Amino acid sequence: MILPGFTGSSHISISVEPDVSQSTITLSSVYQLDLLPLFDRFGRYTCEIPLSVPTRNGSYTSKVSLECSYVPRDAEVILGSDWISNSSAAFCDDGSGLEDPPMSVTLSLPVGHYWTPNDDVQTLDNDSTDIDTMLFQMNSCCNDPIFDAPAFFAAHGMESDEVPLTREDVLSHFLNGQCASRKAPGCYEVARAVTSPVKISLMITEAIVVRCGRKQIPLSDLRVYCSAIGVTTTKRPEHTFLSQKLKTRCNTLRPLLNCDGLETTLSGIENLGKHSLQHLSAQHEVKIDPENDIDSARTSVVDHITSGGCQASSSSLCISIDNEYRESDAGANNDLETYILQLAAKKTKLTKKELRRVLKSKGIEFDNSEGIGELRRRLRSYITALRKGKQSQWSRTQRAESEFERRRHLNKIREEWPQPASMNLKENCPPLQRACASSLVPVVLKA
Ligand SMILES: [Zn+2]
Ligand SMILES: [Zn+2]
């Protein structure tokens, strides 16, 4: 079975062979692709290349270390059990290709290994450099005495006249995934087409956890990273407990991947645990009273979303949802509130429990015995009323605007209307011209 893969933008044929232990590339492809083989400590030539391997509806991407093989083969690259175990790849039942990995696998792939569905394959290739670049910049932010913080802030659109920005702001910017969905060149360079701050935040935190496990991040750096996002510990060994806390952060963030987009923003909130919910409300900049129970916290977050509150907020998650809306077909209407409610009223979108929450957040009355169809009908009639209200509000604004415009025009005419000539001028005029000058008709007088 030969799969059509990619390395960078070049096509490359790939064969996946579980009984081969070391993945290889043929020497002729090494020359064709102009790769530089390195002589490793076992006396073998190896190449490291970014490789994209297709599955049924997506593809794996990772940097793969390949041994150069002198033996001509059917495929240019042979992926052996080393690659298979890293990517947890499985063959389709009919043996025609590779199966798409289940969600549990895609979320736990080793660092540098990704799988994404076909519609965003292009962003995928950049994902690995994202994390590497972010980690590199975080590292130099901590350790490089000549790290150019002002240049960083400028590149990431973080300039501020009022609050002096610190290196800690650089770290929290990355760790909170704030590069997502921002047009600033520094942000775009690392986030590429990944628009969810939750996703970036999760990816970078996971990468740090993995590197902690490999003892690649010294305690001094880890301490600074953690304190930038308010994570501290008094327990010893400090390194172990901090990395444990970051692992917990990943577990808190992961469920939010189900409610971080425009279409999915209302789904899954009912199932979020307390910590995930707190994280979500912080991401939406919704202040939750710690005294309040989890139920009213849910209602507050849902109320923010269903009121189109994301349009008025400057948090990364809200910006990414609003951007997604603006770039959609409906974006021209600039009415996120109605759009999100319409999505909620759609069949198969929300569960009964989730729909009830939406009604509750809008103060729409309903009976607990009502079925999901009835709840949807209530929401739809609310939307109709809301739209009418918006219409009349719109016509009120329109009327006020045209009245203002009319007055402005009138004042302009009044101001420009010729003024009566001065007495001095009248006295110096010959009689005939004087008659003209006394009227309000403008007259050009020759000196
Ligand atoms: Zn950024
Ligand atoms: Zn929001």
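I began with the secondary structure, and I noted 18 helices and 8 strands in the chain, taken as DSSP runs numbered from the N terminus (H or I of at least four residues for helices, E of at least two for strands). The model is predicted, and I kept in mind that local features need pLDDT of at least 70 and side-chain atom pairs pLDDT 80 or more, while totals for chains, interfaces and linings use all residues. Residues are numbered from 1 along each chain as its sequence is written, and chains are lettered from A and ligands numbered from 1 in the order in which they are written.

I then looked up burial, and 30% of the 447 residues of the chain count as buried, that is, with 20 or more other C-beta atoms, placed from the backbone, within 10 Å of their own.

In helix α9 (residues 219–228) I listed Leu222, Tyr225, Cys226 and Ala228 as buried. They cover an arc of only 160 degrees around the axis, judged by the directions from the axis to the C-beta atoms, which puts them on the same side of α9. After α9 comes Gly230, with a positive phi near 75 degrees.

Last, I turned to helices α11 (residues 274–283) and α12 (residues 294–306), which pack at about 30 degrees with their axes 10 Å apart, the axes being lines fitted to C-alpha atoms over the stretch in contact and the angles running from 0 to 180 degrees between N-to-C directions. The two are therefore roughly parallel, a term for angles under 35 degrees.

Notes. Parallel < 35°, antiparallel > 145°, perpendicular 65-115°, else oblique. Buried ≥ 20, exposed ≤ 12 C-beta atoms within 10 Å, placed from the backbone.
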